[in-house]
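Hello,

Here is the structure I said I would pass on. My notes follow below it.

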Amino acid sequence: MRRAVQLSLFPIAANDNAPSNRAAHPPPVPAERPTLDPEVFRRRVIQAIQERRVCRVVYAATDEVPRPREFEPYAIIRVDDHWSVFGFCRLRQGLRTFRSDRVLRFELLDDAFTPRASVSLERFILRRRGAA
């Protein structure tokens, strides 16, 4: 099966002095149906990337109860019928992707972030594919 992919990257200068911002594990959020329009999600994420602002979402991963997550967005990618955001998850303290079809709520925070020197979209993709 061939997958359609569209990628939008916005240049971000790296800085080794990025704060760790280690978040405590937030409590689960009651299950609810996703209501966020994918186009609204895309526009808000692009704004967050351009302004280097932290995003807060209620995210329903496949294997757990929906939970609040805060992340620093670096790129947004269109894969098949949904958008995926590549970013640094403050809860998991690592790089993650967040699918638009699993976002139940979205908030663009006033908190700015300094891009992390260790963030590499290329390395992340290669690791996910098992090539690195």
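Strands here are DSSP runs of E, at least two residues long, numbered from the N terminus. On that basis, F106 belongs to strand β6. Please keep in mind that this is a predicted model.

I started with F106. Its relative accessibility is 12%, so F106 counts as buried, the limit being under 20%. Leaving aside neighbours within four places in sequence, F106 touches L36, F41, R44, V45, C55, R56 and V57. Take R56 from that list: R56 and F106 are 50 residues apart in sequence, yet 5.9 Å apart in space, C-alpha to C-alpha.

Next, the aromatics. The structure has five aromatic pairs. One of them joins F41 and F106: the ring centres are 5.7 Å apart and the planes are at 85°, so this pair is edge-to-face. F41 lies in helix α1 (residues 38-51) and F106 in strand β6 (residues 103-112), so the pair ties together parts that are 65 residues apart in sequence. Both partners, F41 and F106, are buried.

Elsewhere, Y59, F71 and F98 make up one aromatic cluster. There is also a charge over a ring: the charged end of R116 sits over F88, 3.6 Å from the ring centre.

Last, the cysteines. C55, one of the contacts of F106, has 0% relative accessibility and therefore counts as buried. C89 is also at 0%, so C89 counts as buried too.

Best wishes

Technical notes:
Residues numbered from 1 in each chain as written. Predicted model: local features only at pLDDT ≥ 70, side-chain atom pairs only at ≥ 80, totals over all residues. Heavy atoms only, no water. Buried < 20%, exposed > 50% of the residue type's maximum accessible area, 1.4 Å probe, protein only. Phe/Tyr/Trp six-rings, centres within 6.5 Å; stacked < 30°, edge-to-face > 60°. Helix = DSSP H or I, 4+ residues; strand = E, 2+ residues; numbered from the N terminus. Lys NZ or Arg CZ within 6 Å of the ring centre and 35° of its normal. Contact = heavy atoms within 4.5 Å.
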